[in-house]
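Hi,

Here is the structure I promised to pass on. Have a look at it first, and then read my notes below.

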Protein chains: 2
Amino acid sequence: MVTSEQVARLAGVSRATVSRALNGSPRVSAEARKRIEEAIVSLGYEPDVVAQSLVRQRSRTIALCLFFGNDNSTVLSRFGETQHYFYLDMLRDVEQEIAVAHYDLLLHSASTTKKNYIRSLQTRHIAGILAIAMNPTDVRIQTLLEAEIPTIFIDSISQGVHSTYVTSDNLDGSRQATEHLIHLGHRRIMTLISGTDGPVGSKRLAGYCQALQQAGLPVDEQLIYPAGWNTEEAYQATMTLLRERQPRDFTAIVAGSDLMAIGILRAIHESGLHVPNDISVIGFDDVDLCRYTEPPLTTIRQDRSAMVHGAVQRLIQMIETDDKQEECRLSPIITPTKLIVRASTGPAFLQA
Amino acid sequence: MVTSEQVARLAGVSRATVSRALNGSPRVSAEARKRIEEAIVSLGYEPDVVAQSLVRQRSRTIALCLFFGNDNSTVLSRFGETQHYFYLDMLRDVEQEIAVAHYDLLLHSASTTKKNYIRSLQTRHIAGILAIAMNPTDVRIQTLLEAEIPTIFIDSISQGVHSTYVTSDNLDGSRQATEHLIHLGHRRIMTLISGTDGPVGSKRLAGYCQALQQAGLPVDEQLIYPAGWNTEEAYQATMTLLRERQPRDFTAIVAGSDLMAIGILRAIHESGLHVPNDISVIGFDDVDLCRYTEPPLTTIRQDRSAMVHGAVQRLIQMIETDDKQEECRLSPIITPTKLIVRASTGPAFLQA
DNA sequence: CTGAAAGCGCTTACAG
DNA sequence: CTGAAAGCGCTTACAG
């Protein structure tokens, strides 16, 4: 490995000067800077990131913390589960943004105890944390808040001195979805909804209710059906629904998410019914898969790019003000949503 | 931050002894060890990982290198593309295995030049690399080989002093798939295949041919149709196929992958045909999604767990022998595949 | 503008 | 079995 010592020798200066040149200090003469740059190129020098982290007491690394279960699972462990596909789609944008900002991304596996978890983040001198928690009451959220490491939450309404959050306008999105169905003539609109105790589910439910009320339609308890976020539970719930509700008392379904909608579509198919002629279905998220469902899924698009961009910018801003020992309370970001019409929704006139 | 200095003071020993106790050296008295352990607990001490990495000249970090395009993209950047879903499913198993072995996983974004890429891995003192390259001629494979960092490749046939690979028995899997269709009475079996210049595609094509030959069926060039690994290209290819082949000269399709099969199913649906009554379709990989396609997809399962377990064990073994300055050429691992029958394949007697 | 020196938190021969 | 000392590769007051 080439060290700064070798660069210094070749350039005829001290390691201190090499370091200054590298870090853009103004206190380096033009000649010295030139010789150093030449030496760096000819030796193929690149500073040792580990040594830099030690002396700076901070590495340019951002840790990803995904709390999807209540266990001490690994970051990606539950990505195979359909309820998390949306966040997965998000992850690649996260990596891209973080790379542009010259940070590394660490998938650090949670250790057994709460305290150790923070400690291990600290002993790695993590610069910041990007956190996604499915369960709003997950104790690890509080743990992160206490760690005093700059943290940005996605879809968790958690704020503090070193943390803030970014989320979609879930209420408005769900309102648009429901409104779309109302415009198509639907009057009995079911919603299969998840996590109404959490920030995402509760807003989506509220948006559904708001659209009905604005249209002068009653909010019927019978039309609000709870289910898990995943495809399988949505499938099971729909099967139950179609079996029990005879004659059927709804003509459309607002799904809590796209992956739930996929389960719903499957249940409707299996029951010998047609989408959208018999039942219209609308999703939420706009994952890539929507184009390939049968039929292609009408949905509400979350602006992933805006969410990720906002999240990373906020996080880096927190890291930098933290470096200067300043306090920094940043406001959250709420990104807009948008209706994407495909083929799973249609007019209600075909129904009884 | 609690340091080893503080632990040493509290335990009445030197930092050297604390370090020895921590690293399981036998040269520590029972009493000293006991006092040190107590001090560690009472102070909540955990060693600084960055400092350890510096002095050991090696961090307990494994870098993930995914080369999916020919660009300098980030690790996850192309995961939204359907052709990579299988590897994504794999990634969570990778993380799990690596966590169990007490290593961290780094998503390190590729820098611009070939040389810099290795340098930046080195300046981070990466212990090992887990690499997946879609394109067998990707120059970065060679770059990795030259880096002399322990590397395990998945699905790339690359070996060296510090590297080996793990892959499925793609030939046998594809043979099983084709045989399954032959057993169902199909005689004109199409294959939509990708990357026949690479290790995966070429083996799958070979398996298809082998099954036909063993059954005494001719290998007809007309039945081998190249397409990209992704859903969209498979969809387009199938649409073209169904349009151009009138009357249709095949009754079944062996897809290069599950995600290709999804595009194929969609094209068949849109053409007004039925799966499996008109055309049988079989995939490859057995991703989670297979259960939710319409109809559920018959496929060949790759043993992800075995692949990942083998990969991580091999990698760690290489890291450890590398630590001892020993040379270590490990043999590759070829994991078995298995036919999973669902509803997208059926008997051929319904066709003309 | 520049260099000598101290220090980040650990580990590891070396001497005892 | 144990401690003092050197060292991993860098940065940063400090003095000039």
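Chain B can be laid on chain A by a turn of 180 degrees and a shift of 0.0 Å along the axis, with an RMSD of 0.1 Å (copies are superposed by least squares on the C-alpha atoms of residues with pLDDT of at least 70 in both). That is the relation of a two-fold axis. In chain B, the C-alpha nearest the axis belongs to L106(B), at 2.4 Å from it.

Before you go on, some housekeeping. This is a predicted model, in which local features need pLDDT of at least 70 and side-chain atom pairs count only at pLDDT 80 or more, while totals for chains, interfaces and linings use all residues. Residues are numbered from 1 along each chain as its sequence is written, chains are lettered from A and ligands numbered from 1 in the order in which they are written, and side-chain values use heavy atoms, with hydrogens and water left out.

Now back to L106. In strand 2 of chain B, L106(B) is the bridge partner of L106(A). Two strands pair if DSSP finds at least two bridges between them, and strands (E, at least two residues) and helices (H or I, at least four) are DSSP runs numbered from the N terminus.

How many residues are in contact between the chains? It's 50 of chain B with 51 of chain A, where contact means heavy atoms within 4.5 Å. The copies meet through the same surface, because 100% of the interface residues of chain B are also interface residues in chain A. Together the chains bury about 4,700 Å², 57% of it on carbon and sulfur atoms (this is the accessible area, with a 1.4 Å probe, that two parts lose on being put together, summed over both).

There are also 6 salt bridges between chain B and chain A, each being a side-chain nitrogen of Lys or Arg within 4 Å of a carboxyl oxygen of Asp or Glu. One of them joins R266(A) to E294(B), with the closest N and O atoms 2.9 Å apart. On the side of chain B that touches chain A, helix 5 of chain B gives the largest share, 7 residues.

One last thing to find in chain A: D48(A) caps the N-terminal end of helix 4 (residues 49–56), with a side-chain oxygen 2.9 Å from the backbone nitrogen of V50(A). After helix 4 of chain A comes Q57(A), whose phi is positive, near 55 degrees.

Cheers

Key: A polar contact is a pair of N or O atoms within 3.5 Å; within protein, one must be able to donate a hydrogen and the other to accept it, and residues adjacent in sequence count only if both atoms are side-chain atoms.
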